[in-house]
Amino acid sequence: EVKDRDYPMVIGGMPSGFYGSLRYLMGEENLLVAYYDNPDLVHAICDHLTDFWIELWSQVLQEVEVDAIYFWEDMCSTKASNISPNCFREFMMPYYKRVTSAMREQGVKNFLLDTDGNCWELIPLLMESGITGLYPMEAAAEMDVVEVRKQFPGLAMLGGIDKHRIAQGKEAIDEELGYKIPFMLEQGGYIPLIDHFTYPEISWANFEYYRNRMHEMIDSA
């Protein structure tokens with residue numbers, strides 16, 4: 001069934017990541033301290049996860065083509081990343097490079113990464129590590145997809161539609177979509193979505209209007 005599908009297929013997912021997985025195993029505070037107090041342990045875990053994911057996903061790829069591999073990190077807050085660029089280079093980049101390189105050799109072209117928050121300072125490092133797309137591009141954390149696209153034209157993106165603006169009614173929705181959708185669709189490499197979960201403050205009427213307006217823009221692009 002999967003071999004003959006007419007829909008995209010993604011493997012990986014939560015919590016496969018070199019920050020997210022360790023956060024689940026150790027707790028966030030313990031992980032952040034371990035980067036300094038127990039770096040050998042962090043490297044040992046990441047090395048093991050790298051070997052495991054390469055072996056697991058290679059077995060999948062022997063049977064079927066996939067459209068993307070998806071990593072989950074959630075390593076950023078509203079103003080900056082939780083992990084410094086230097087720590088990323090030491091504790092995450094080598095393992096991402098190993099995984100993305102191995103999977104690319106087996107035909108995978110798209111590597112998507114999920115992190116909430118402000119990830120501006122990590123984007124160049126993620127791209128160097130083989131990541132090709134980011135999600136959810138949280139507007140409240142200063143992740144403006146238009147500005148990101150201008151600075152990083154080769155980066156694919158999903159999300160970026162400000163959920164707070166969707167809750168504010170038709171005029172705000174028109175302004176939000178009008179600023180982002182036409183430009184991003186013209187550029188390509190973008191799937192418009194609300195930036196994370198649709199929260200309770202969004203009424204059904206506003207959600208319906210947002211979806212209909214977005215589809216009108218997509219159809220006319």
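Start with helix 3 and helix 5: they run roughly parallel to each other, because their angle falls under 35 degrees. The model is predicted.

**Stop 1: the helix pair.** Select residues 39–61 for helix 3 and 93–105 for helix 5. The packing angle is about 10 degrees, and the axes lie 10 Å apart. Now show side chains. Helix 3 contributes His43, Cys46, Asp47, Thr50, Asp51, Ile54, Trp57, Ser58 and Leu61 to the contact. Helix 5 brings Tyr95, Arg98, Val99, Ala102 and Met103. By class, the contact residues are 8 nonpolar, 3 polar and 3 charged.

**Stop 2: the aromatic rings.** The structure has 11 aromatic pairs. Select Phe18 and Trp53. Their ring centres are 5.3 Å apart with planes at 70 degrees, so this pair is edge-to-face. Phe18 sits in the loop between strand 1 (10–12) and helix 1 (20–26), and Trp53 in helix 3, so the pair ties together parts 35 residues apart in sequence. Phe18 has 0% relative accessibility and therefore counts as buried. Trp53, at 7%, is buried too.

Tyr96 belongs to helix 5, 78 residues from Phe18. Tyr96 is buried.

**Stop 3: Asn206.** Jump to helix 10, residues 204–220, and pick Asn206. Its relative accessibility is 15%, so Asn206 counts as buried. Follow the side chain of Asn206 to the backbone oxygen of Ala167, 3.4 Å away. Beyond four places in sequence, Asn206 touches Ile166, Ala167, Gly169, Lys170 and Ile173.

Conventions: Residues are numbered from 1 along each chain as its sequence is written. This is a predicted model: local features need pLDDT of at least 70, side-chain atom pairs count only at pLDDT 80 or more; totals for chains, interfaces and linings use all residues. Side-chain values use heavy atoms; hydrogens and water are left out. Axes are lines fitted to C-alpha atoms, for helices over the stretch in contact, and angles run from 0 to 180 degrees between N-to-C directions. Helices (H or I, at least four residues) and strands (E, at least two) are DSSP runs, numbered from the N terminus. Angles under 35 degrees count as roughly parallel, over 145 as roughly antiparallel, 65 to 115 as roughly perpendicular and the rest as oblique. Contact means heavy atoms within 4.5 Å. Ala, Val, Leu, Ile, Met, Phe, Trp, Tyr, Cys and Pro count as nonpolar, Asp, Glu, Lys and Arg as charged, and the others, Gly among them, as polar. Buried means under 20% relative accessible area, exposed over 50%, partly exposed in between (1.4 Å probe, protein chains only). A polar contact is a pair of N or O atoms within 3.5 Å; within protein, one must be able to donate a hydrogen and the other to accept it, and residues adjacent in sequence count only if both atoms are side-chain atoms. Rings of Phe, Tyr and Trp (its six-membered ring) pair if their centres lie within 6.5 Å; planes under 30 degrees apart count as stacked, over 60 as edge-to-face and the rest as tilted.
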